[in-house]
Amino acid sequence: MTDDVPVTDMPDTRRLDDLLEDLYHGQERISQADIYRRAVAAEMPAQWLTRIAALPEGEYSVDEAADLLGGSVT
């Protein structure tokens, strides 16, 4: 399988995955606002902050957040 997206255009999901793993440790659902606050505190790249800010308000499971943001945490 070939991927037409240049590697430089693909976001580094490792930092997102690490953030989500840390956030959801012992938690089932977390609000979009809490995810965003923690991402800012973790000094995530602007690209991730923009994606997180674009999530509709509400609470998300780790699977939902990873799916919507493009992470691989399950």
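Contact here means heavy atoms within 4.5 Å. The model is predicted, so to speak from the start: local features need pLDDT of at least 70, side-chain atom pairs count only at pLDDT 80 or more, and totals for chains, interfaces and linings use all residues. Residues are numbered from 1 along each chain as its sequence is written, and side-chain values use heavy atoms, with hydrogens and water left out.

**Exercise 1.** Find which residues Ser-31 touches, not counting residues up to four places away in sequence.

*Solution.* Start by locating Ser-31 in strand E1 (residues 30–31); strands are DSSP runs of E, at least two residues, and helices are runs of H or I, at least four, numbered from the N terminus. With that sequence limit, Ser-31 touches Gly-58 and Glu-59. Next, look at the Ser-31 side chain: one of its polar atoms lies 3.1 Å from the backbone nitrogen of Asp-34.

**Exercise 2.** Work out which residues of helix H3 (residues 46–53) are buried and what covers them.

*Solution.* First, pick out Trp-48, Leu-49 and Ile-52 as buried (under 20% relative accessible area; exposed is over 50%, partly exposed in between, with a 1.4 Å probe and protein chains only). Seen down the axis of H3, these residues fall within an arc of 100 degrees, so they line one face of the helix; the arc is that of the directions from the helix axis to the C-beta atoms. Now turn to the other side of H3, where Ala-46 and Thr-50 are exposed. Finally, the cover over the buried residues includes helix H1 (13–23), helix H2 (32–41) and helix H4 (62–69).

Terms used
Polar contact = N/O pair within 3.5 Å; in protein donor to acceptor, adjacent residues only side chain to side chain.
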